[in-house]
Amino acid sequence: MTQPAARSTKTRDEIALAYKSEPWWYDVRGFFILTFAYNTTLPAQLRLFGRNFGADHLEIAIGSGTFLAIVLRWRKWKGLPKVRITGVDYAESMLAGAMRRYEGDPDMQLELADAAALPFEDNSFDTANIANAVHCFPDVDGAMRETLRVLRPGGCMVANVILYPEGIQPFKWIAEKINAWGIRKGILYTPYYRDDMRRRLLAAGFEIGFEERAGNCYNVRAYKPKAAATAG
Ligand SMILES: C[S@@+](CC[C@H](N)C(=O)[O-])C[C@H]1O[C@@H](n2cnc3c(N)ncnc32)[C@H](O)[C@@H]1O
């Protein structure tokens, strides 16, 4: 299925600027988007992302780090080990929030970087999470190729991707309105069709381990093949 033309026409810098908002507003807005556009819940997201942390973990599009902080609290509560984390984001204002939050944490390294041009060596990470962000990337295929490149063979990426809304009215209509607003503002690049996103992951070289449609999200756990020779 081909995608409708409804996608952001904003430039990379305009998209980065679209995230410049007060932290309290970002969190309130995030709650509404999660509930009514993603049609999911925080506990469901914790179950999806919380277990995908290898010894060297990459958090792509970490944002202000609020969501990751909740995930890490959940992991602690579950008795899961602390790991080394590298977080990247290309919005300076968001990354500044993460830098304040994780200041002095020896296990956290933060870098300003585009998901489609990661400043890391091939095969650097055991795991990568892309939480609530794949649908924000202007170059989603580049980002998927880069994520695969920096994962070690056998490494696992977990992501959720906004799909074109389905379901009953008025919830479908509300989700469509929120998405249209997000696209106008530049915080959403485009929703996807599940088959389209699946094809993109396979084209990047991933093997899909688990996938589901949950609410208006495509949740996926995808692996870098063990025998993968990284393109470099
Ligand atoms: C909706 S926020 C999600 C932040 C965080 N992962 C969370 O779950 O709260 C999307 C983030 O993606 C970042 N982003 C968008 N396009 C990006 C790109 N090409 N490279 C890196 N970060 C990007 C934005 O700056 C923003 O911080």
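**Exercise 1. Find which residue with positive phi follows H4.**

Solution. Gly-79 follows helix H4, and its phi is positive, near 75 degrees. Helices here are DSSP runs of H or I with at least four residues, strands are E runs of at least two, and both are numbered from the N terminus. The model is predicted: local features need pLDDT of at least 70, side-chain atom pairs count only at pLDDT 80 or more, and totals for chains, interfaces and linings use all residues. Residue numbers start from 1 along each chain as its sequence is written.

**Exercise 2. Determine which residues of H4 are buried and which are exposed.**

Solution. Step 1: apply the cut-offs. Buried means 20 or more other C-beta atoms within 10 Å of a residue's own, exposed means 12 or fewer, partly exposed lies in between, and C-beta atoms are placed from the backbone.

Step 1: sort. Phe-67, Leu-68, Val-71 and Leu-72 are buried. Down the axis of H4, the buried residues fall within an arc of 135 degrees (directions from the helix axis to the C-beta atoms), so they line one face. Arg-73, Lys-76 and Trp-77 are exposed on the other side.
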